Amino acid sequence: MTLASAVKSIESGELSALELTKAILDRIDSLNERMRVFITVMREEALADVRKAGPPLHGVPLSVKDLYDTKGVRTTAGAKIFADRIPNQDAAAVSRLKEAGGVIVGKTNLHEFAYGVTSINPHYGTPRNPWDPDRICGGSSGGSASAVALGLGFGSLGTDTGGSIRIPAALCGIVGLKPTYGRVSVRGVVPLSWSLDHVGPMARTVEDVAILLQIIDGRPLDPLTGDIKGVRVGILKTYFYERLASEVDDAMNTALRTLEGLGARLVDIDLPSAAAHRGVWLQIASPEVYSYHEPYLKKHPDQYGADILGRIEAGRVLLSIDYVRAQRIRTLMKRECKSVFESVDVIVTPTTPIPAPRIDGIDKPWGDGPEKAATALARFTRFFNIVGLPAISIPCGFTPGGLPLGMQIVGKPFDESMVLRVAYAYEQDTKFYASKDPDSQSR
Amino acid sequence: MPDQPDSDNELSPQAREFLKVIQDDMPALRAVDLGDAPPATMPEAE
């Protein structure tokens, strides 16, 4: 069941929001010890909130990444050092969900301080991929993606600094949207890197994500029509279609033919500056991350996981001139994107070059080359954090072994409507969200 | 001219390893012709 259909069923009286919430909470209880999806389950708060929930969401159960402040409920950021941190107000996006009648059933697990793409967490356990629990669910919003895929709520809020909404969405077979930088308020969300951080919705379908975006943003979007005749789809032949796992390559070839069949026009484009984007991201993110953590790190370095400690520490010694250089290249990248978007309406790429890696394989090369699996995951997402463009990941097929794959659709600044329009048309034609269920996989 | 300040010497082995990853990407960044580009403190909306 999707969020949209759950809301309709509650509204019509066919379903009770209270009973639905109880059922979701019971399902969380039955799965969470094994799947490690939630850090904190908000049973009491959810059962109280659902009794007073009104339109437009009418008490539909949702979750939020444990990076969003929740009034009176601990917000750990997946970190030991914040294990007992209890905010005195909700994050702006959480307030909007609640005001719209959304019921928060829990705070989802994540990569510690959102600084990584695996969600392997030394403090709260590692959230598992619903399609194969021996594999990562991606990150850093891994618990949110896994929760949605497992039916533990009808949507979730994630955050995205280098791909942290889109990567887990792709690896778990759901939809995740990183809106334009600055579109949705980050107030009350523990920062990772201020100038790269985005917040956004995750859900089973494009329609559900559109509903949630309108609530947390407050501005209306164009209606979803399913018509993309004449839409110009940019295909980046260099970099973004290189070094792909064969399953991803096959799925993307099929997806592009599908878009063409729906009336879209494929246009070859190029973003040469993308080749340097990892260095730019690291030079910008590293000092920003260190700056936030400095006071905590000086007092309690022992409370940080080994995985992120060295990466945070490195940000202390980078040269300011290199930060400025990276910010100037960022301007060139944005100019390049502006120029490209004069000839296309959206850009389409794979979300990740590989399907979900095994938990014990993230530091191993994924193919014949030297690239580690964990390193590969953000290769196609990070660039769009640097330039701040809206980008969605939607399911685009499965590997022969049954692992989901994701396609990324990127738009012009504040043109989420076009991104969602293309995503919706593709989804309506393929309906991957309805074709398989992780419950049918062994777990 | 040194590449890093003296405090580099106080870094943990893990931080040094990560620093090497960052430094490996620097030649590509230094090769970019910056022209008249100012720093982007925020992505431009249009």
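**View 1. The second largest cavity of the predicted model.** The second largest cavity has a volume of about 40 Å³, a cavity being a set of points on a 1 Å grid over the protein atoms alone where a 1.4 Å probe fits but cannot get out, and a volume being the space filled by probe spheres set on the points, which are joined across faces, edges and corners. Its lining residues, those with an atom within 4 Å of a point, include A:Pro179, A:Arg183, A:Asp197 and A:His198. This is a predicted model in which local features need pLDDT of at least 70 and side-chain atom pairs count only at pLDDT 80 or more, whereas totals for chains, interfaces and linings use all residues. Residues are numbered from 1 along each chain as its sequence is written, and side-chain values use heavy atoms, with hydrogens and water left out.

**View 2. The largest cavity.** About 40 Å³ of space lies in the largest cavity, whose lining includes A:Val175, A:Arg204, A:Tyr426 and A:Thr430. Helix 14 of chain A gives the largest share of this lining, 3 residues, helices being DSSP runs of H or I with at least four residues and strands runs of E with at least two, numbered from the N terminus.

**View 3. A:Thr258 in helix 8.** A:Thr258, which lies in helix 8 (residues 246-261) of chain A, is buried, with a relative accessible area of 16%, where buried means under 20% with a 1.4 Å probe and protein chains only. Leaving aside neighbours within four places in sequence, A:Thr258 is in contact (heavy atoms within 4.5 Å) with A:Tyr426, A:Asp429 and A:Thr430.

Definitions and conventions
Chains lettered and ligands numbered in written order. Buried < 20%, exposed > 50% of the residue type's maximum accessible area, 1.4 Å probe, protein only. 1 Å grid on protein atoms, 1.4 Å probe; cavity = no way out; pocket = protein on both sides within 12 Å on 5 of 7 lines; lining within 4 Å.
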